[in-house]
Amino acid sequence: MARSFLSLSALLDHGFDTVIDVRSPAEFAEDHVPGAINLPVLDNEERARVGTIYKQESPFLARKLGAALVFRNAAAHIEGPLAHHEGGWRPLVYCWRGGQRSGSFAWMLQQIGWRAEAVEGGYRTYRRLVTGALYDSPLPYRLIQLGGYTGTAKTALLPRLAARGVQVVDLEGLARHRGSLLGEMPGGQPSQKAFETGLAQALSALDPARPVLVEAESSKVGQILLPPSLWEAMKQAPWIEVTAPLDARAAYLDAAYDDILSDGARLKQMLDPLRFHRGHALVDRWGALIDAGERRALCRSLAEDHYDPAYEKSRTVFAPRVLDRFGTPALDEAALDTLADRIAERLQTIEM
């Protein structure tokens with residue numbers, strides 16, 4: 001039996017005990033339904049082998065081999081990671097397009113007595129629903145952008161504001177990138193599809209009647225592109241802006257970018273392309289500061305001589321409507337908590 005889902009919210013709130021993605025590990029790694037576990041009935045090599053036979057030899061031979069592999073692997077899953085489930089367990093199973101892989105596995109689970117169902121249309125149904133939510137219509141949310149120069153701890157403010165009841169979408173967290181030239185994070189970025197899955201899931205949990213705070217970004221966060229509906233909503237959104245002294249920002253950047261600043265050779269490589277924009281003299285000066293271990297001075301110069309001019313240029317282009325500005329003398333933990341209190345209180349009074 002295949003379960004049909006007509007909306008993204010219905011699929012995300014599926015109500016089953018477990019969601020099982022039976023696609024190959026490579027397919028699962030690129031993107032999957034939130035919360036799904038991967039129990040492949042064909043691994044990467046097996047899937048490639050069956051596909052080659054299907055195209056080059058015979059669809060019948062491919063299906064025969066595929067069936068043998070699917071049931072062999074399914075049996076291993078039942079004896080292994082699924083062995084502890086009781087009789088009332090309700091799993092929801094999907095493959096690429098709701099075909100033989102998920103159908104065969106769901107059937108086997110049903111024969112045991114588990115109340116298994118497959119997703120009609122498989123992952124393609126889920127992906128179509130995500131695309132529809134993010135690309136095909138305007139977002140139904142009232143966005144406010146959190147702006148401010150690089151180093152004003154905007155990213156650190158987001159979880160504090162969320163803890164104070166503010167609706168927040170952390171785009172840099174979802175994109176696993178700090179949104180700047182030196183923004184790379186350990187582990188790299190998710191795929192575009194996986195980012196969109198995380199974004200769609202985050203948006204689905206929001207109340208459209210209340211404002212949603214997002215950090216001011218460009219249309220790209222690292223290599224991740226913001227969906228057009230979100231980018232259009234951000235361009236039209238009013239701002240609240242955070243300000244802090246340059247020395248406080250340099251200290252914050254020194255701590256926040258410790259992983260990047262600790263690798264001098266890599267840091268020089270990352271800064272070298274800026275010679276075209278900022279000139280050889282400034283980039284050479286940064287190199288000298290890196291060699292001397294002058295991290296705080298480097299952060300101050302990067303903010304003052306690179307990030308601030310870029311921010312001002314972007315701000316001039318978009319000319320945002322600033323609802324309020326919040327200055328803070330410091331960016332340590334206590335100062336950020338105080339700042340979050342002030343911003344959260346102000347957001348409660350904003351009428352859009």
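Predicted model: local features only at pLDDT ≥ 70, side-chain atom pairs only at ≥ 80, totals over all residues.
Begin by selecting Arg 176, which is found in the loop between α8 (171-175) and α9 (192-204). Although Arg 176 is not a glycine, it has a positive phi of about 45 degrees. With the surface displayed, you can also see that Arg 176 counts as partly exposed, because its relative accessibility is 36%.

Now zoom out to view the whole chain before going further. The protein has 17 helices and 12 strands, and its C-alpha trace spans about 65 × 50 × 35 Å along the principal axes. Of its 352 residues, 46% count as buried. Among the contacts with a separation of 6 or more, 72% are accounted for by residues 24 or more positions apart.

Next, select Lys 220, which is found in strand β9 (residues 220-221). Its relative accessible area is 37%, so Lys 220 is partly exposed.

Move on to Ala 319, which lies in the loop between α16 (295-318) and β12 (322-327). Here again is a residue that is not a glycine, and Ala 319 has a positive phi of about 45 degrees. Is Ala 319 buried or exposed? Ala 319 is exposed, because its relative accessible area is 56%, which is over the 50% cut-off.

From there, select helix α17, residues 333-347, and turn the view until you can follow it from end to end. This helix has 15 residues and reaches 21 Å from its first C-alpha to its last, close to the 21 Å expected at 1.5 Å a residue. Colour its buried residues, which are Ala 335, Leu 336, Leu 339, Ala 340, Ile 343, Ala 344 and Leu 347. If you look down the axis of α17, these buried residues fall within an arc of 165 degrees, so they line one face of the helix. On the other side of α17, Ala 334 and Glu 345 are exposed. What covers the buried residues of α17? The covering elements include β6 (142-148), α7 (154-163), β8 (211-215), β11 (239-243) and β12.

One of those covering elements, α7, is the next selection. The buried residues of α7 are Lys 154, Ala 156, Leu 157, Leu 158, Arg 160 and Leu 161. They pack against β6, β7 (167-169), β8, β11, α11 (246-256) and α17.

Finish with a pair of helices, α13 (residues 264-271) and α15 (residues 280-291), which pack with their axes 10 Å apart and at an angle of about 170 degrees. Because angles over 145 degrees count as roughly antiparallel, α13 and α15 are therefore roughly antiparallel to each other. To see the contact itself, show the side chains of Leu 267, Lys 268 and Leu 271, together with Gly 264, on α13, and then Val 283, Trp 286, Gly 287, Ile 290 and Asp 291 on α15. The residues of the contact of α13 with α15 divide into five nonpolar, two polar and two charged.

Conventions: Residues numbered from 1 in each chain as written. Heavy atoms only, no water. Helix = DSSP H or I, 4+ residues; strand = E, 2+ residues; numbered from the N terminus. Buried < 20%, exposed > 50% of the residue type's maximum accessible area, 1.4 Å probe, protein only. Expected span 1.5 Å × (residues − 1). Arc of directions from axis to C-beta. Contact = heavy atoms within 4.5 Å. Axes fitted to C-alpha atoms, helices over the stretch in contact; angles between N-to-C directions. Parallel < 35°, antiparallel > 145°, perpendicular 65-115°, else oblique. Nonpolar A, V, L, I, M, F, W, Y, C, P; charged D, E, K, R; others polar.
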